[in-house]
Amino acid sequence: MSFKCIYDFDVVVVGAGHAGTEAALAAARIGAKTALVTMNCDTVGQMSCNPAIGGIAKGQIVREIDALGGEMGRVIDATGIHFRMLNSGKGPAMHSPRAQADKKAYQFEMKNRVELQENLTLCQETVESIETDGGKITGIRVAGDALYRARAVILTTGTFLKAIMHTGESKAEGGRAGDKASHGVSGALTSLGFELRRFKTGTPARLNGRTIDFTRCEPQPGDENPEPFSFMNDRIEQSQIHCYLTSTTHEIHEIIRANLHRAPMYSGQIQSTGPRYCPSIEDKVVRFADKTSHQIFLEPEGRNTQEVYCNGISTSLPRDVQDEIVRRIPGCEKAQIMRYGYAVEYDFAPPTQLYPTMETRLVEGLYFAGQINGTTGYEEAAGQGLMAGLNAALKIQGKGPFVLDRSQAYLGVLIDDLVTKGVDEPYRMFTSRAEYRLLLRQDNADRRLTPLGIQIGSVCPARTDRFRRYEDNLQQGFAAMSKLRSLGATLEEWLRRNTITWDEVYQQFPQLTELNLTVNTRRQMMIEAQYAGYVRRQETDIARLQKVDSVRIPEIFDYLAVPQLRHEAKEKLTRLRPVTVGQASRVSGITPADIAILMFYLKPSSS
């Protein structure tokens, strides 16, 4: 086929949401000539749902993205309006940073960083097909008979693939209110042999804050001394805005029950699966029938707008029912709805069709990241995008893959879960998914991952210098922990005492003043001292498990030729093609006996 225009790039990223922006920035940052293609340049980095970053386990992911040189943490630090450290009353392993964003400021800041990045070109295009040759990607065709040639293509299509929006009985095409659906990509993927399924997500109503009586709600202030997400920032400079807490009532629940037959999820209009851990208000009322109320967080969408996000009442009920619900929320009796809630159905590709690098198994050079893989959440999407962008660029440069282990990062847990176990509902990260969460804390993300980022070139010189100064200061502190003693106890033993302050530490160990320990160093020393015993045990477990986990399985290994393997094991392992024995052991339905048999047959090839 002839084209009117042909453009040549190393990497083309399709979609400019949270996955797409991190993918494009990462690829360009390590030297790949990259194009970021989007249907609308005005929506780069847009927050389709809640204007917030971080949260339980998600905050750890943002810190990991930042540690590898990504942008999400720096952008939220610059544009956040309300910062809180969740679970601050628990141990450090459970601490999770979260921040409300100024929705438009975040979007414009991310767009500006994309536009300023060397090696990166932002283009407004509509993708019509994916171009391949002999099982390898060659580029994408866009409307207007134009071809973007590339050696790697990363699809980050969000909720836009053949997307349909539902509000009660009303349906309309679109992956987000005001934005059209994408049809060409789904057809192209199907023709290439990819399996596609449907998922559903939803969003709540937005209200005019001028019409809300906040005196009837409980104020939710941000932290007095908010902690930045990014290692590159010492403090949050801007002032914060309160959020507010209210709740549903028994009367609201009765209204919802009386109208369930009009809710698309219950009328049969929507057949696809929604997120279990972020249910709609109608789901909550049905599933938790004994509860008389559910919390609603009223969250401002920015400094220069009165729009307020109603966190906790995601819904696809009809407009008239939403009107009734809002009028009965304490504090919202006179509130005006600016945007009604709705649900979105969209195509996704089951992620077991991917390698751990995010490259597809069917087409060499084609990568998927974000909600196309069946995940939910800005942070999970951004993390996948970062890893896909890095791996696409590294492969083009003839370098080895960059894959994180489950013991190294929440990003490692996320991707291993996706490619090994797949998804039967929109995937959301939780601390409980990480076996080694005592090691994978938000406070040590930089120590875990920045050295790896330095090795592959994703970390800028300024971050490298700052990290090395921090690490040098910390090593001095660690050396002192084992050497210094007072009243029969080492400095490490003193730091394990939960009630001790650094003023008291300096009284007992005045020689520490000579080290000029920074605030971050002192905090890290105390955390490391308190977790030392747990960490040593987990490191022992990791070393033991990695002996099995690291055994590689040849790509051509014939599971069908192993007579002792159960039929289910043969079928699943042949279909999923795990890269290592460890990955095989985490496939649903694979037993320890299956792994023992597999190890026996792999001995010659692994010796």
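Modeller: Terms first: helices (H or I, at least four residues) and strands (E, at least two) are DSSP runs, numbered from the N terminus. Residues count from 1 along each chain as its sequence is written, and side-chain values use heavy atoms, with hydrogens and water left out. This is a predicted model, where local features need pLDDT of at least 70 and side-chain atom pairs count only at pLDDT 80 or more, while totals for chains, interfaces and linings use all residues.

Colleague: OK, backbone first. Where does N516 sit?

Modeller: In the loop between α15 (502-508) and α16 (519-549). N516 has a positive phi of about 50° although it is not a glycine.

Colleague: Is N516 buried or exposed?

Modeller: N516 counts as exposed because its relative accessibility is 60%. The cut-offs are under 20% relative accessible area for buried, over 50% for exposed and partly exposed in between, with a 1.4 Å probe and protein chains only.

Colleague: And what's the phi of N119?

Modeller: Near 70°, again a positive value in a residue other than glycine. N119 is in the loop between α4 (103-116) and β7 (120-124), and with a relative accessible area of 38% it is partly exposed.

Colleague: Let's go inside. What does P426 touch, leaving aside its neighbours within four places in sequence?

Modeller: P426 contacts F199, K200, T273, G274, P275, G374 and T376; contact means heavy atoms within 4.5 Å. P426 belongs to the loop between α11 (410-421) and α12 (445-456). The C-alpha atoms of P426 and Q371 are 8.3 Å apart, and those two residues are 55 apart along the chain.

Colleague: Why do you call P426 buried?

Modeller: Because its relative accessible area is 3%.

Colleague: Which strand is S486 in?

Modeller: S486 is in strand β23 (residues 485-486). S486 counts as buried at 10% relative accessibility. Beyond its neighbours within four places in sequence, S486 contacts W494, Q508 and F509.

Colleague: What about helix α3, how many of its residues are buried?

Modeller: 6 of 8, so α3 (residues 72-79) is mostly covered. The buried ones are M72, G73, V75, I76, D77 and T79.

Colleague: New topic: how many disulfides?

Modeller: The structure holds 0 disulfides, where a disulfide is a pair of cysteine sulfur atoms within 2.5 Å.

Colleague: How many cavities of 30 Å³ or more turn up in the whole structure?

Modeller: The search finds 2. A cavity here is a set of points, on a 1 Å grid over the protein atoms alone, where a 1.4 Å probe fits but cannot get out, and lining residues have an atom within 4 Å of a point. Points are joined across faces, edges and corners, and the volume is the space filled by probe spheres set on them.

Colleague: What lines the largest cavity?

Modeller: A205, I281, I313, T315, Q322, I325 and V326. The largest cavity has a volume of about 40 Å³. Helix α9 (residues 319-327) supplies the largest share of its lining, 3 residues.

Colleague: And how does that lining of the largest cavity divide by residue type?

Modeller: Into 5 nonpolar, 2 polar and no charged. Ala, Val, Leu, Ile, Met, Phe, Trp, Tyr, Cys and Pro count as nonpolar, Asp, Glu, Lys and Arg as charged, and the others, Gly among them, as polar.

Colleague: Which residues line the second largest cavity?

Modeller: F83, R84, M85, P97, R98, D223, E227 and F229, a set of 4 nonpolar, no polar and 4 charged. The volume of the second largest cavity is about 30 Å³. β5 gives the most to that lining, with 3 residues.

Colleague: Last topic: how many aromatic pairs does the structure hold?

Modeller: There are 12 aromatic pairs. Rings of Phe, Tyr and Trp (its six-membered ring) pair if their centres lie within 6.5 Å; planes under 30 degrees apart are stacked, over 60 edge-to-face and the rest tilted. The F214 and Y244 rings have centres 4.5 Å apart and planes at 35°, so that pair is tilted. The pair links distant parts of the chain, 30 residues apart: F214 in the loop between β15 (206-208) and β16 (218-220), and Y244 in strand β17 (residues 243-247).

Colleague: Which residues do ring pairs link into a cluster?

Modeller: Y7, F9 and Y148.

Terms used: 1 Å grid on protein atoms, 1.4 Å probe; cavity = no way out; pocket = protein on both sides within 12 Å on 5 of 7 lines; lining within 4 Å.
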